[in-house]
Amino acid sequence: MLHKSSSHAIYSIKLHIVFVTKYRRKTLTPELLSYLRTAFSEILAAWRCDLLEFGGEADHVHLLIDIHPALDISALVNNLKTASARRARGRFSEHLGAFYRKPVFWHRAYYVGSVGGATLETVKAYVEAQGTEEHARKSAERKSKSPA
């Protein structure tokens with residue numbers, strides 16, 4: 001797993017985000033989805049984040065993003081929705097006008113979940129084992145096996 005670093009932190013924070021179109025209308029064509037991929041990538045770059053994966057269907061999109069630890073997730077999500085909607089409505093105004101009379105695009109709600117390389121159970125077990133004799137024994141074994 002790749003980690004990034006800043007002056008005081010080493011981190012790897014990945015989020016899975018889902019946006020649904022307003023009224024779950026099937027407005028997202030392949031051309032619009034392709035445009036949104038580019039728009040989300042550009043918006044995220046301005047926030048010092050990376051779009052790792054993007055996919056979608058006619059009524060929703062999925063983003064897998066890499067973020068930094070100083071980020072306000074709700075502010076990022078709000079900006080992603082607002083900026084992408086503004087761009088999409090500007091570029092595809094005729095197409096989207098057939099679905100929406102008002103300048104809306106995304107549903108107000110969204111999904112966001114953290115994604116990592118280890119399962120929740122693995123991390124819980126690791127944290128619970130801190131300070132135990134078993135943890136000390138395994139740490140000593142790892143140190144003796146690694147080259148100096």
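In the predicted model, contacts between residues 24 or more positions apart make up 68% of the contacts in the protein chain with a separation of 6 or more. Of the 148 residues of the chain, 30% count as buried. The accessible surface comes to about 9900 Å², and carbon and sulfur atoms contribute 54% of this area. The C-alpha trace of the protein chain spans about 65 × 30 × 25 Å along its principal axes. Its radius of gyration is 21 Å, whereas a compact globule of 148 residues would have a value near 15 Å.

Five helices and six strands are present in the protein chain. Read from the N terminus, the elements follow the order β-β-β-α-β-β-α-α-β-α-α.

Strand β3 covers residues 13-21. Seven of its nine residues are buried, so β3 is largely enclosed by the rest of the structure. Strand β3 is joined to strand β5 (residues 60-67) by eight bridges, and the two run antiparallel. Within β5, leucine 63 stands opposite isoleucine 17. Strand β3 is also joined to strand β6 (residues 106-115), here by seven bridges and again in an antiparallel arrangement. Tyrosine 110 in β6 is the bridge partner of phenylalanine 19.

Phenylalanine 19 also takes part in aromatic contacts. A search of the whole structure finds seven aromatic pairs. In one of them, the ring centres of phenylalanine 19 and phenylalanine 40 are 5.9 Å apart and the ring planes meet at 40 degrees. Planes under 30 degrees apart would count as stacked and planes over 60 degrees as edge-to-face, so this pair is classed as tilted. Phenylalanine 19 lies in β3, while phenylalanine 40 belongs to helix α1 (residues 30-46). The pair therefore ties together parts that are 21 residues apart in sequence.

The cut-off for a buried residue is a relative accessible area under 20%. Phe19 and Phe40 are members of one aromatic cluster, which also contains Phe54, Phe105 and Trp106.

A contact of another kind involves lysine 22 and tyrosine 23. Lysine 22 lies over the face of the tyrosine 23 ring, at 5.5 Å from the ring centre.

Notes:
Residues are numbered from 1 along each chain as its sequence is written. This is a predicted model: local features need pLDDT of at least 70, side-chain atom pairs count only at pLDDT 80 or more; totals for chains, interfaces and linings use all residues. Side-chain values use heavy atoms; hydrogens and water are left out. Rings of Phe, Tyr and Trp (its six-membered ring) pair if their centres lie within 6.5 Å; planes under 30 degrees apart count as stacked, over 60 as edge-to-face and the rest as tilted. Helices (H or I, at least four residues) and strands (E, at least two) are DSSP runs, numbered from the N terminus. A charge sits over a ring if NZ of Lys or CZ of Arg is within 6 Å of the ring centre and within 35 degrees of the ring normal. Buried means under 20% relative accessible area, exposed over 50%, partly exposed in between (1.4 Å probe, protein chains only). Two strands pair if DSSP finds at least two bridges between them. The radius of gyration is taken over C-alpha atoms; the globule rule is 2.2 Å times the number of residues to the power 0.38. Contact means heavy atoms within 4.5 Å. Accessible areas come from the Shrake-Rupley method with a 1.4 Å probe; for residues, only the protein chains shown count as cover.
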